[in-house]
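Dear colleague,

I am handing over a structure that you have not worked with before.

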Amino acid sequence: MGSILCEHCTAACCRYLAIPLDKPAGARDYDDMRWYLMHEKVLVFVEDGDWFIQFHTACKNLGADNLCGVYETRPEICREYEAKDCDYTGGNYGYDHFFTHPKQIEEFYTERTGKKLGAPKPPTRRPRRKGAGKAAPQKV
Ligand code: SF4
Ligand code: SF4
């Protein structure tokens with residue numbers, strides 16, 4: 001923050017955090033993303049080929065006045081952030097992909113592999129001999 005533009009904003013950049021994800025390598029990774037997206041206020045996006053998970057949750061240091069309560073000691077990541085590139089000022093946020101719902105990641109996976117995520121698995125049954133498991137007859 002610190003730009004004159006920020007004075008007209010409700011601190012959009014302090015109301016979420018985005019963490020890099022490993023690029024998905026297989027069904028399990030996509031299925032994990034499906035699970036992330038089953039949670040409220042979570043989204044996944046791809047930017048310049050890099051995958052991220054984003055949580056919409058405000059920083060605890062953000063005051064009711066939309067100003068940083070720890071401005072002098074704010075983390076490096078906050079210092080590096082520039083208003084000229086932020087969402088509010090219309091910087092280049094050309095996402096490669098943007099997922100907000102588990103259905104979207106299911107469709108994305110199916111388009112690429114022809115397979116489905118989340119298909120119910122058939123119960124695994126071991127072959128059993130007839131009568132196996134029954135109590136042996138007792139001698140009287
Ligand atoms: S950097 Fe952008 S999003 Fe953050 S407070 Fe300033 S104008 Fe708002
Ligand atoms: S520490 Fe301050 S600048 Fe950084 S996200 Fe929190 S409120 Fe915003």
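The notes below go from the overall layout to one helix, the strands and a ligand.

This is a predicted model, in which local features need pLDDT of at least 70, side-chain atom pairs count only at pLDDT 80 or more, and totals for chains, interfaces and linings use all residues. Residues are numbered from 1 along each chain as its sequence is written, while chains are lettered from A and ligands numbered from 1 in the order in which they are written.

The protein chain holds three helices and four strands (DSSP runs, H or I of at least four residues for helices and E of at least two for strands, numbered from the N terminus), and from the N terminus they follow the order β-α-β-β-α-β-α. Of its 140 residues, 7% count as buried, that is, with 20 or more other C-beta atoms, placed from the backbone, within 10 Å of their own.

In helix 1 (residues 27-36), the buried residues are Tyr 30, Met 33 and Arg 34. They lie on the same side of helix 1 because they cover an arc of only 105° around the axis, taken from the directions from the helix axis to the C-beta atoms.

Strand 2 (42-47) pairs with strand 3 (residues 50-55) in the antiparallel sense over six bridges, where pairing requires that DSSP finds at least two bridges; Phe 45 has Phe 52 in strand 3 as its bridge partner. Strand 2 also runs antiparallel to strand 4 (residues 97-99), joined by three bridges, and here Val 46 is partnered by His 97.

Finally, ten residues surround ligand 2, the closest being Cys 14, Cys 59, Asn 61, Cys 68 and Cys 78, where a residue is near if its C-beta atom, placed from the backbone, lies within 6 Å.

Best wishes

Terms used
A residue is buried if 20 or more other C-beta atoms lie within 10 Å of its own, exposed if 12 or fewer, and partly exposed in between; C-beta atoms are placed from the backbone. Two residues are in contact if their C-beta atoms, placed from the backbone, lie within 7 Å.
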